[in-house]
Amino acid sequence: MFNIVIFGAPGSGKGTQSDFLVKKYNLVHLSTGDLLRAEIAAKSELGKIAEGLIAKGEFVPDNLIIDLLAGTIDKYPSANGFIFDGFPRTVVQAGALDKMLSERSMQVNIMLNIAVDNDELVARLLNRGKTSGRSDDNLETIQQRLKTYEEKTMPVIDFYDKQGKNNPIAGMGTMEDVFDRICQAIDKVNA
Ligand code: AP5
Ligand code: MG
C-alpha cells in the first residue's frame, strides 16, 4: 500500500502528474475537484452546494469534503494505494485524512509539493479555460483560487513538513521533466 498526497497551487499539474502516476504505480486517483464536478453533473445535494463555491474559487466546507472522501476510499478495498489530489486543502482536512487512513491501517507515505511560478499558473489555467468548460478557469476566479490557496492551503505544507513527508518538486519545465523529479522522490522514499 503506497499513498501519495499530490499537492500544489491551482494549475501546478496535480491532475496531469496523477495520470502518469496511475499508469506507472497502478494506484487509484482521487481528485476531490473531479468528484465534486461529478456531483454537480449529477445535480446531487452536494453538487448544488459545490457549484457556486467552485465558480467563485472558494472551498466546499471541510465536513462535506471529508465525508465525500471517506465514502470514496471505501469503494476501493483492494487498491494498491491512493493518490489524493486536491485533498487535503486545509489543515483540518489534513488531520482528518490521517485519522481516516489510520482507522483503515494506512498512512500517507509521501507528499509531493509541486511548485510553479504564479505567472505560469495563470497562463496554464487561462489556456486550459479555452476548452475545459470549467466554471473556474477565468481570470477573476483564477485570482481568487490562488488567494484561497495561499491563505488556507499553504499551511498544510507545514503539517507534512513536521511529519518529514514534504517533498518539494520543481514544477516548471515539461510534464515529463516534472514526472522524472516525482519518480526520483518516490524511489528515494521507497528505497
Ligand atoms: P480542483 O479541481 O482540485 O482544482 P485546482 O486545485 O484549482 O487545480 P486544477 O485542477 O485546476 O490544476 P491541477 O494542479 O490539477 O493542474 P492540471 O494538471 O490540470 O478543485 C476545484 C475546486 O473544487 C476548488 O477551487 C474548490 O472550490 C473545490 N475543492 C476541490 N477540492 C476541495 C477540498 N479538498 N476542499 C474544499 N474544496 C475543494 O494542469 C493545469 C493545466 O496546465 C492543464 O491544461 C495542463 O495540461 C497544463 N500543464 C500541466 N503540467 C504542465 C507543464 N509541465 N507544462 C505546461 N503545461 C502544463
Ligand atoms: Mg486538477
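Is the crossing of helices H2 and H3 left-handed or right-handed? In this predicted model, the crossing of H2 and H3 is left-handed. Good morning, and let me begin with that pair of helices.

H2 covers residues 32–41, while H3 covers residues 45–56. The two pack at an angle of about 115°, and their axes are 8 Å apart. On the H2 side, the residues in contact are Leu36, Glu39 and Ile40. They meet Leu46, Gly47, Ala50, Glu51 and Ile54 of H3. Sorted by class, this contact comprises five nonpolar residues, one polar residue and two charged residues.

Between H2 and H3 there is a loop, and Lys43 is found in it. Please note the backbone here. Lys43 has a positive phi of about 55°, although it is not a glycine. As a general rule, most residues other than glycine have a negative phi, and most peptide bonds are trans.

Pro88 lies between strand S3, residues 82–85, and helix H5, residues 91–102. The peptide bond that leads from Phe87 to Pro88 is cis, and its omega is near 0°.

I turn now to ligand 1. How many residues surround ligand 1? There are 30, and the closest are Thr16, Thr32, Glu58, Arg89 and Arg145.

Let us consider some individual atom pairs. A polar backbone atom of Ser12 is 3.3 Å from an oxygen atom of the ligand. For Val60, a polar backbone atom is 3.2 Å from a ligand nitrogen atom. Arg124 contributes a polar side-chain atom, which lies 3.4 Å from a nitrogen atom of ligand 1. As for surface area, ligand 1 taken alone exposes 1,000 Å², and the protein buries 88% of that.

Thank you for your attention.

Definitions and conventions. Residues numbered from 1 in each chain as written. Chains lettered and ligands numbered in written order. Predicted model: local features only at pLDDT ≥ 70, side-chain atom pairs only at ≥ 80, totals over all residues. Heavy atoms only, no water. Axes fitted to C-alpha atoms, helices over the stretch in contact; angles between N-to-C directions. Helix = DSSP H or I, 4+ residues; strand = E, 2+ residues; numbered from the N terminus. Left-handed = near helix turned anticlockwise from the far one by under 90°. Contact = heavy atoms within 4.5 Å. Nonpolar A, V, L, I, M, F, W, Y, C, P; charged D, E, K, R; others polar. Near = heavy atom within 4 Å. Polar contact = N/O pair within 3.5 Å; in protein donor to acceptor, adjacent residues only side chain to side chain. Areas by Shrake-Rupley, 256 points an atom, 1.4 Å probe, with all protein chains shown as cover.
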